[in-house]
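Colleague: Could you take me through this model slowly, one question at a time?
Modeller: Gladly; please look at the sequence and the structure first.

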Amino acid sequence: MNNKKQDPTRETVSERMENFLYHYKYHTIFSVFLLLLISSLGYTIIEKQIAKSNAADQLPADIDIMFFGSYQEENLSPLKHEIQHIFPNWESIHINLVQTPKEVNSAEDMANFQKGQIAIEANKPDIYIFDLNYFHRFVEDGPFLSLDQLELSASAQLLFYQKENDTKEHPYGIDVTNHSLFTNLAIQKNTKIAVIRKDAQNSKNAKALIKQLDKIK
């Protein structure tokens, strides 16, 4: 029978583990505790941020904006953050995008167009941002505020229109197509005409935003 003598200088894996735990027991316990604490704090912070975001969507809006036109669906959170940076006191900014076809050439286009029509009648945002095509479609009958009273700069790209029951034309929209606010968004390439709703719930804030869009380009 071959009996191999164990080298006394060699430790088994379990012996090494016992030796490690004996010498570094408190270090290990502290490290595990610290890791759990950091993980718990990180989860709590993320949870609070999500709750804050959800709560902001449920608060009455400081400004309510609707994009309406042949725009691409995308996440507009970056735009919301940019507006919040300009107006830090605004706690709740609502932005909605209604995608409608540029031309009605199919049953799907017709369905999307009708959906857009319902959306524009059912919702009452403070500011509409239309593409140029839909601005021309809605300006005659739309409940839009004349921008005469806003005293915008001479360089403001205003869109004038004379309604059927009016004696002269008034500016109802301002072209914000090339505004830096929309940089890096998919809608950057589209025409964008900002319009204030005549019975806007946040009329003061709507006018302040339009003036700011005119001021900072």
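Modeller: In strand β3, the residue Tyr-128 is the bridge partner of Met-66. This is a predicted model, in which local features need pLDDT of at least 70 and side-chain atom pairs count only at pLDDT 80 or more, while totals for chains, interfaces and linings use all residues. Residues are numbered from 1 along each chain as its sequence is written, and side-chain values use heavy atoms, with hydrogens and water left out.

Colleague: What is the order of the six strands in the open sheet?
Modeller: Helices (H or I, at least four residues) and strands (E, at least two) are DSSP runs, numbered from the N terminus, and two strands pair if DSSP finds at least two bridges between them. The pairing in this open sheet is mixed, and its six strands follow the order β2-β1-β3-β6-β5-β4.

Colleague: Why is one side of β2 and of β4 left without a neighbour in the sheet?
Modeller: β2 (93-99) and β4 (158-161) stand at the edges, so one side of each lacks a neighbour, and the reason is that each has a single partner strand.

Colleague: Which residue in β2 stands opposite Phe-67?
Modeller: β1 and β2 run parallel and are joined by seven bridges. Within this pair, the residue opposite Phe-67 is Leu-97.

Colleague: Which residue in β6 stands opposite Ile-127?
Modeller: Strand β3 (residues 127-130) and strand β6 (residues 193-196) run antiparallel and are joined by four bridges. β3 also pairs with β1, in the parallel sense over four bridges, and there Ile-127 stands opposite Ile-65. On the β6 side, the residue opposite Ile-127 is Ile-196.

Colleague: Are the residues on the two faces of β3 buried or exposed?
Modeller: Buried means under 20% relative accessible area, exposed over 50%, and partly exposed in between, with a 1.4 Å probe and protein chains only. Ile-127 and Ile-129 lie on one side of β3, with Tyr-128 and Phe-130 on the other, and all of them are buried.

Colleague: Is Glu-91 buried or exposed?
Modeller: Glu-91 has its place in the loop between α2 and β2. Its C-alpha atom and that of Leu-59, 32 residues apart along the chain, are separated by 8.2 Å. With a relative accessible area of 57%, Glu-91 is exposed.
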